[in-house]
Amino acid sequence: MSDGTITTVSSNGTYSFTKPNREGITLLAGLGVEGDVHAGVTVKHRSRVAKDPNQPNLRQVHLIQAELFDDVAGAGFQVAPGDLGENVTTRGIDLLGLPTGTRLHLGSEAVVEVTGLRNPCAQIDNFQHGLLKQVLGRDENGEIVRKAGIMGIVLTGGEVRPGDPVRVELPEGPHQPLEKV
């Protein structure tokens, strides 16, 4: 598994589909992105809060691969970092191919443990009609393929900025493929 680079960081203190890009963000251990509406020990995404507000927050940080923006541009969509609500945009890492429990070392201090795949929702089509089909498909066996990034929890906090390196630390085997969280 190769290492990569952070291209953009984003956060938003209020509920909104997109998140503005920032010069830097601070990750807080056990909580997520400082000042972000989705930070916390328990779930913050509205649909999950409605089901059970006491669930642990396995979606503290949303990471997405910049290569996805390249792919959807080929289908005529213009998507920029932060547009899909992610906190960290990377380049050079196959985020979707990582196993559950992978640790991503972001910058010089922060460590995020990968918990699973983002489950794209209908809000993506509200952002750009038809985009949901680009980030949610089916493989040759008819299984759902989610391409809208991965989610994680913050193990070690720290400052994260565009240009920072991302180092991938795979978990001890056997590896478990990512599932939606």
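Modeller: Let us begin with a definition: a charge sits over a ring if NZ of Lys or CZ of Arg is within 6 Å of the ring centre and within 35 degrees of the ring normal. Please keep in mind throughout that this is a predicted model.

Biologist: What does the charged end of Arg46 sit over?

Modeller: The charged end of Arg46 sits over the ring of Tyr15, at 4.0 Å from the ring centre. The limit for such an arrangement is 6 Å.

Biologist: Why is the pair formed by Phe17 and Phe127 called tilted?

Modeller: The count of aromatic pairs comes to one. In this pair, Phe17 and Phe127 are 5.7 Å apart, centre to centre, with 40° between their planes. Ring centres must lie within 6.5 Å, and planes under 30 degrees apart would be stacked while those over 60 would be edge-to-face, so the pair of Phe17 and Phe127 is tilted.

Biologist: How do you know that the pair links distant parts of the chain?

Modeller: Phe17 is in the loop between β1 and β2, whereas Phe127 belongs to helix α3, and the two are 110 residues apart.

Biologist: Why is Phe17 called buried, and why is Phe127 called partly exposed?

Modeller: Buried means under 20% relative accessible area, and Phe17 has 17%, so Phe17 is buried. Phe127 has 28%, which lies between the limits of 20% and 50%, and therefore Phe127 counts as partly exposed.

Biologist: What makes up the largest nonpolar core?

Modeller: The largest nonpolar core has 23 residues, and those with the most contacts inside it are Leu27, Leu104, Leu106 and Ile150. Among the elements that give two or more residues to this core are β1, β3, β7 and β11. The element that gives the most is β8, with four residues.

Biologist: Which residues are in contact with Leu106, apart from its neighbours within four places in sequence?

Modeller: Leu106 is in contact with Ile6, Leu27, Val112, Val160, Pro165 and Val166. Another core, of 14 residues, lies apart from the largest one and includes Phe17, Ile64, Val72 and Val79.

Biologist: Why is Ile64 called buried?

Modeller: Ile64 lies in strand β5. Its relative accessibility is 0%, and the limit is under 20%, so Ile64 counts as buried. Beyond four places in sequence, the residues that Ile64 touches include Phe69, Leu84, Val88, Leu95 and Ala148. Ile64 and Thr8 are 56 residues apart in sequence, and their C-alpha atoms are 10.0 Å apart in space.

Biologist: Why is Gln60 called buried?

Modeller: Gln60 is found in the loop between α1 and β5. The relative accessible area of Gln60 is 4%, which is under 20%, and therefore Gln60 is buried.

Biologist: Which backbone atoms does the side chain of Gln60 reach?

Modeller: The side chain of Gln60 reaches the backbone oxygen of Gly30 at 2.9 Å. The side chain of Gln60 also reaches the backbone nitrogen of Val154 at 2.9 Å. The limit for a polar contact is 3.5 Å.

Biologist: Why is Gln78 called exposed?

Modeller: Gln78 has its place in the loop between α2 and β6. Exposed means over 50% relative accessible area, and Gln78 has 62%, so Gln78 is exposed. Leaving aside neighbours within four places in sequence, Gln78 is in contact with Asp83 and Gln128.

Biologist: Why is Glu113 called partly exposed?

Modeller: Glu113 is found in strand β8. The relative accessible area of Glu113 is 21%, between the limits of 20% and 50%, so Glu113 is partly exposed. Among the residues that Glu113 touches beyond four places in sequence are Gly101, Thr102, Arg103 and Met151.

Biologist: Which peptide bond is cis?

Modeller: The peptide bond from Gly173 to Pro174 is cis, with omega near -5°. Pro174 is found in the segment after β13. In general, most peptide bonds are trans.

Biologist: Which residues does the domain annotation cover?

Modeller: An unreviewed UniProt entry gives the annotation "domain: MOSC" for residues 20–169. Over residues 20–169 the chain is 16% helix and 33% strand.

Note on methods
Residues numbered from 1 in each chain as written. Predicted model: local features only at pLDDT ≥ 70, side-chain atom pairs only at ≥ 80, totals over all residues. Heavy atoms only, no water. Core = buried A, V, L, I, M, F, W, Y, C linked by side-chain atoms within 4.5 Å. Buried < 20%, exposed > 50% of the residue type's maximum accessible area, 1.4 Å probe, protein only. Contact = heavy atoms within 4.5 Å. Polar contact = N/O pair within 3.5 Å; in protein donor to acceptor, adjacent residues only side chain to side chain. UniProt positions renumbered as here; feature names shortened; annotations may be inferred. Phe/Tyr/Trp six-rings, centres within 6.5 Å; stacked < 30°, edge-to-face > 60°.
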